[in-house]
Amino acid sequence: MREPVNRTILLLDIERFSRRDDVVQVVLRRTLNKIVDQTLEAAGVEATQQYREDRGDGLIVLLSGDVAKTVLLRSLLTAVPDLLHEHNLLASDSAQMRLRIVLAAGEVAHDPHAGTTGGLVGHDLNQACRLLDADVLRSALAARQDEHCVLAVSAPVYEGVVRHGHRGVRPELFRQADVTVKDGVLPAWIHRGAAADGMPAPATTPDPEPASGRVRASEPTGAPAPSAGKRTSAAAPPSAPQERSAGAVFNFGGNPVIHGSLVGGDQYGVSGGHVSGDVVLGGTRTEEGTSRGSQS
């Protein structure tokens, strides 16, 4: 057995592969290899920097340590969904393909034997395979019917790469999920998907009108707001002032001092009171906004 070396571990598995007939399985296998080829090419991975093992319904890909995980992650988050979308757009219902993907890292040894293929050995690889087969990852993909794949990363990849927020890798879009395996609990982080990644900021909506029918000061009743970009006509000349009753009249004895502010138009008091219209403390008021009253 050769000495173990640190590798980036990329695992991919096709959802519901065994439910397809042989002809469709061949198509899916070829498509998967093509998608991996294009994804690694987009990440700048050379043929000499990778090792692959065919697992029938998936692939094990080991990458050398000089392949930047940040670049690989960006490619997995962008190229793979696009390539799957292109395939599924043209494929029949029976040939639709969705993937579970795991990106991990660790020590892996190669123990080849004559006449056989494969021979990978390593605890970190075993744990990554258990993560790929975990119910939590299967459920995450099943819940995303409008998406084509789900990606999970192991603890070393999250701690060493994701959480630092490198360009194109947003840690807030990964949620932690503890995966129970036969020898304990395996921590993992699952990407929340394309819907969360491309979600626009929520639009700011105006405050709803309260049940009391109160209208905000910025939306007076009786006249609609002018449409954007439309010039309003010149204001008509003011008519002659007309006198009207001022409503309640308050009489104060002595020399009162009133602290506060002039009330013009509608006003909502901080204490909960509601003043509607103009307030005049005594006397009468004209439509121009001037008031007449006596002073003692």
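Keep in mind as you browse that the model is predicted.

Let's start with β1, which spans residues 5-14. Seven of the ten residues in this strand are buried, so β1 is mostly covered, buried meaning under 20% relative accessible area.

| Partner of β1 | Partner residues | Sense | Bridges |
|---|---|---|---|
| β4 | 99-110 | antiparallel | ten |
| β3 | 58-63 | antiparallel | six |

To find these pairings on your screen, you can look for Thr8, which sits opposite Ala105 of β4, and for Leu12, whose bridge partner in β3 is Leu59.

**Helices α1 and α2**

Next come α1 (residues 22-42) and α2 (residues 69-90), whose axes lie 9 Å apart at an angle of about 140°. The crossing of α1 past α2 is right-handed. On the α1 side, the contact includes Leu28, Thr31 and Ile35; on the α2 side, Leu72, Leu76 and His87 are among the residues taking part.

**A closer look at Tyr158**

Finally, turn to helix α5 (residues 155-160), where you will find Tyr158. Is Tyr158 buried or exposed? Its relative accessible area is 14%, which is under 20%, so Tyr158 counts as buried. Leaving aside residues up to four places away in sequence, Tyr158 touches Val153, Arg163, Pro171, Phe174 and Trp189.

Note on methods:
Residues numbered from 1 in each chain as written. Predicted model: local features only at pLDDT ≥ 70, side-chain atom pairs only at ≥ 80, totals over all residues. Heavy atoms only, no water. Buried < 20%, exposed > 50% of the residue type's maximum accessible area, 1.4 Å probe, protein only. Helix = DSSP H or I, 4+ residues; strand = E, 2+ residues; numbered from the N terminus. Pairing = 2+ DSSP bridges. Axes fitted to C-alpha atoms, helices over the stretch in contact; angles between N-to-C directions. Left-handed = near helix turned anticlockwise from the far one by under 90°. Contact = heavy atoms within 4.5 Å.
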